[in-house]
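Hi everyone, thanks for coming. Please have the viewer open and follow along while I talk.

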Amino acid sequence: MRAILIGPPGVGKGTQAKKIQTELGWRQIATGDILREAIQAGTALGKLAENYLAQGTLVPDDIMLSLIEQTLYGNPPLENFVLDGFPRTVPQAEGLTQLLQRHADRLDRVVLLVAPFTAIAQRLAARRTCRQCGAIYNLMTNPPKQDSICDRCGGELYQRDDDRLEVIQHRLEVYQRQTEPVVAYYRQQGLLQEVNGWGSIEEVYHNIKRALGGF
Ligand code: AMP
C-alpha cells in the first residue's frame, strides 16, 4: 500500500503515521523528521535545510524530491509506506507521480485530515517532542508524567523552534497557499478521502483505517 497522509501542520499526521507503522507495518516516511535528524547530525542536507525549518518555510522542491526518491527506492525499494509531510507543493506532487510511474508504481490512497485552524494553533503551541526517541506529547491533552521528561525513554522533551506561536501562524499560511492546491490535485485524480482529524488518537485512527479501505 502506497498512501499519503495530508493536512495542516499539527493536525496529527505524525502521531497517526507512527501508529500506522506500528500496527500495520507500513513504513512512515516523515520528511520533517528526516530533515530534523539531518540538521542534528550536521549533514550537507541538514545545512541546506536548517534556515527553512527555523523560519517555517518550505525546503526547495528539487531537494525534497531527491530525498524522497532515495528514501523510497533505496535497496530494497519500499512497497508499503505512508508519506507524512510530503508532498507539500503541486510540483512535489507532480514529481512524485512521475517518480512512481518511472518505477511502474502508483499511489493507492491520499487521506486528508481536517480540523479547525484555531484549535490546531493551540495544540501546536502545547506540543513537546522527545529529543531522543521522537515521541510526541501535548501539555494539555497528553502530558508526560514528569515535567520535560519522556515517559518512554527518559529523554529530554523540548519545544520545536517552529512550534512557537509566531512561526505557527506562518506555517498555517504556507499550508493554505502551497499545500491546499495539492489536496485539489489529488481530489481531481479521485484518490482523496477526507477524514475528521479532530478527536482522540483512537477515533482518528479508526477514521483513517476506514478511509484506507478497512485495514
Ligand atoms: P513537519 O515536521 O512536517 O511539520 O515539517 C517541518 C518543516 O520541515 C517544514 O516547516 C518545512 O520547513 C520542512 N519540510 C518538511 N517536509 C517538507 C516538504 N515536503 N517540502 C518542503 N519542506 C518540508
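I'll start with the ligand, then turn to some rings, and finish with a few backbone details.

First, some ground rules: this is a predicted model, where local features need pLDDT of at least 70, side-chain atom pairs count only at pLDDT 80 or more, and totals for chains, interfaces and linings use all residues. Residues are numbered from 1 along each chain as its sequence is written, and side-chain values use heavy atoms, with hydrogens and water left out.

So, which residues are the closest to the ligand? They are Thr31, Arg36, Thr57, Gly85 and Gln92, part of a shell of 17 residues.

The side chain of Thr31 has an N or O atom 2.8 Å from a nitrogen of the ligand. Thr57 uses a polar backbone atom, 2.6 Å from a ligand oxygen. Arg171 brings a polar side-chain atom to 3.1 Å from an oxygen of the ligand. Taken alone, the ligand exposes 480 Å², and the protein buries 95% of that; these areas come from the Shrake-Rupley method with a 1.4 Å probe, and for residues only the protein chains shown count as cover.

Which elements give two or more residues to this shell? Helix 2 (31-41) and helix 3 (44-55) do, and helix 2 gives the most, with four residues. Helices here are DSSP runs of H or I with at least four residues, strands are runs of E with at least two, and both are numbered from the N terminus.

Now for the rings. Rings of Phe, Tyr and Trp (its six-membered ring) pair if their centres lie within 6.5 Å; planes under 30 degrees apart count as stacked, over 60 as edge-to-face and the rest as tilted. By that rule there are two aromatic pairs. Tyr185 and Tyr186 have ring centres 5.1 Å apart and planes at 75°, so this pair is edge-to-face. Are these two buried or exposed? Buried means under 20% relative accessible area, exposed over 50%, and partly exposed in between, with a 1.4 Å probe and protein chains only. Tyr185, at 15%, counts as buried, and Tyr186 is buried at 0%.

Charges can sit over rings too: NZ of Lys or CZ of Arg must be within 6 Å of the ring centre and within 35 degrees of the ring normal. Lys19 does this with Tyr205, 4.9 Å from the ring centre, and Arg131 with Tyr158, at 4.2 Å.

Finally, the backbone. Most residues other than glycine have a negative phi, and most peptide bonds are trans. Here, the bond from Asn75 to Pro76 is cis, with omega near 0°. Phe86 and Pro87 are also joined by a cis bond, with omega about -5°, and Pro87 is in the loop between strand 3 and helix 5. Ala104 has a positive phi near 55° and is exposed at 71% relative accessible area. Ser148 has a positive phi of about 65° and counts as partly exposed at 41%.

Definitions and conventions:
A residue is near a molecule or strand if one of its heavy atoms lies within 4 Å of it. A polar contact is a pair of N or O atoms within 3.5 Å; within protein, one must be able to donate a hydrogen and the other to accept it, and residues adjacent in sequence count only if both atoms are side-chain atoms.
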